[in-house]
Structure formats: structure tokens, C-alpha cells
Amino acid sequence: MARKKLAMIGAGAIGGTLAHLSLLKGLGDVVLYDVVDGMPQGKALDLQESGPIEGFDYKVTGTNDMADISGADVCIVTAGLARKPGMSRDDLLSTNVKIMKEIAEGIKKNAPGAFVIVITNPLDAMVTTMKKVTGFAKNMVVGQAGVLDSARYRTFVSMELDVSVASISAIVLGGHGDDMVPVRSLCHVGGVPIEKLIPNDRLEAIEERTRKGGGEIVNLLKTGSAFYSPASAAIRMAEAYLHDKKEVLPCAALLEGEYGVDGFYVGVPVQIGAGGVEKVVEVDLTDSEKAMLDESVSHVRELVDAAEKFLSA
Ligand code: TXD
């Protein structure tokens, strides 16, 4: 069976980590693409030289030429600017829309069969731009946010209760902004509803920390944003696709009527397998969770409208 090929579009903090994780997990050959001369080549060579130590034989190459992503099975897109302290994800919009358009054209031309996972912020607008410019089928273009946001929720619950993260199930829905929706009614620890274990005021604090989880790391790092956990999240999605796992993961998917939303990318649970986003899973939400989701979706609409203007400018 032919080796799979993964193209990391953007070889910065997340891109480099994506490449490293792919190689360690044996997902396939890796191409690191970036506009900066020498940097993807340097990271690729460094990673290749870890092969004899880690015991992998996959090829890893760095490039400034989009033609080298040719035939990629998976493209994971992080190209663009990252946040600095004091910036919201939305502040990145005008610059990153232009970058996303250029990248989408390159993917369309060179890797028309790829499963495309977008990570660049503001995520909801960037994945929408990717879908529009490539014209790929909706099952093949997805955004990464919910796997990470849900992992943050689980992490904070685990810290609060001193219980294994493996015993905690949680999902975060909606847009990847500060109004994302940690779904309290679906958070369980070993099957026990979270509200039976943590008092309301502490739960509110955990949910707020989850919503602001990205900003907390930006403020600590000062020169960039989270990269280990976003990379882990996207690799989990890539693995579900490449190994046809049919895993249900919260991802930004194009909705066409589900959750009462039509024509927008919103974070919802989806099944990922060899068919890409094979289905959207509709979960029951409480009235207040539904109201929060509607609010989050209205912010996604505003962002997408603004992105549209930059795209056509
Ligand atoms: O969960 C999520 N979705 C996210 C998203 C979590 C954390 C960070 N998230 C966003 O990912 C972040 O706000 C950024 O928009 C992206 C990438 O974050 P990263 O930390 O990897 O940023 P870097 O290190 O600045 O890397 C971006 C790279 C950098 O090397 C640039 O030279 C390159 O993108 N870049 C380009 N590559 C190719 N083509 C073009 N046009 C281009 N422009 C910049």
C-alpha cells in the first residue's frame, strides 16, 4: 500500500509540531511548506535526522514551492499570523483571509483530493474561506477548534477533581471565539453528570477559563499562541481520517440545516472516517445551551461577512 502524504501548510510553531507528531505516530511522509526561505527546509532536515533515533523511515521535506504538496492525502493549514497579547482572534482577519485565499488556490491546484484541516485563526472565517475558494465538497474541508477546546475543558475538570482526564467526557460547541459553548449537560466523569460533582460557581469558573484558554496561553507566552495542544488536536482528526476510525469529534463543519443553522461552519460533533466528515451528530442541548449556541453562531456570521468583504476587496 502506498505511503500516505501529509502536507503542513505553514511551518511555524504548530506546523513544526504537526510534522513531529505525524512522524512519531507513523502517519506518512511529511511536507512542510512555508513562505519563509530556509525555515521549513531546516525544520524538515532536523526532523529527518531524528528518524534514526525514533525509528521512523518516513520522508520529511521542507519547501517554499506549493507544487511539492502535490498528491497530498491530508493538508493541515496553519499559515498566517498568530495572536500577540492584547489581540483577539478576530484582529487577525484581514491579513489571514488573503493568506488563506492564496493557500486554498494552491491546495486546489496541487492536492485536489486532500482532506483539508484548517487551524488558522479566526478559525470559523478561515475554514469558510478555504471551502469557498477550493470549492471542495463539504466533507473534505473541516476546521480544528472543538477537539482542543474540549480538551481544555477536560483538563480543567481533571485539575479540579484530581481525576484522570481519561474518565472525563466533555464537548465544546459553537465558534472558536470567547463565546464558545462548553456543554455542561454533556460533561460526565465516569458517567456521573458534572453538576453532581462540582458546585455551580466553580463550574462557571472552569467554563470561563475554557473559553479564555487560548488567551491565557498567549498572555503567558507573549510572543505567540498555543501550539502543542492545537497540533495534537488536528493530528487526532487526521488519524481519524487516515485510519477510517469513524470517531466522533467536535469540529467546525459546514451545517446545512443541522442545529437550525444553514450555510455556516460551526463547531459541532461530527464523525470522521475515510469519507472525511461523514456525518454531523446532533446532540440534545438545554434551552440555555441552545441560546448560547445561537449567540456564538451570530458572531460566526459577523466574522464570515467581514471576511467576505476582505476576500472580494
Ligand atoms: O485551535 C486553533 N484553531 C488554534 C489556532 C489554536 C492556536 C493557534 N491558532 C492559530 O493557528 C493562530 O492564531 C495562527 O493563525 C495559526 C498558526 O499558529 P502558529 O503558532 O503556528 O503561528 P506561527 O508560528 O506564526 O506560524 C505561522 C506560519 C509562519 O511560519 C509564517 O511564515 C507562515 O505561517 N505563513 C505562510 N505560510 C505559507 N504561505 C503564506 N502565505 C504564509 N504567510 C505566513
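Helices here are DSSP runs of H or I, at least four residues long, and strands are E runs of at least two, numbered from the N terminus. With that settled, I looked up which helix gives the most to the shell around the ligand: α4, with four residues.

Before going on, I noted that this is a predicted model, where local features need pLDDT of at least 70, side-chain atom pairs count only at pLDDT 80 or more, and totals for chains, interfaces and linings use all residues. Residues are numbered from 1 along each chain as its sequence is written, and side-chain values use heavy atoms, with hydrogens and water left out.

I then went through the shell itself. There are 27 residues around the ligand, and A13, I14, D34, L81 and Q144 come nearest (near means a heavy atom within 4 Å). By type I got 16 nonpolar, nine polar and two charged; Gly goes with the polar ones, and charged means Asp, Glu, Lys and Arg.

Polar contacts came next (pairs of N or O atoms within 3.5 Å). A side-chain N or O atom of D34 is 2.7 Å from a ligand oxygen. From the backbone, an N or O atom of A13 sits 2.8 Å from a ligand oxygen, and one of G80 is at 3.2 Å from a ligand oxygen.

Last, I looked at cover: the ligand taken alone exposes 870 Å², and the protein buries 88% of that (Shrake-Rupley areas, 1.4 Å probe).

Definitions and conventions. Polar contact = N/O pair within 3.5 Å; in protein donor to acceptor, adjacent residues only side chain to side chain.
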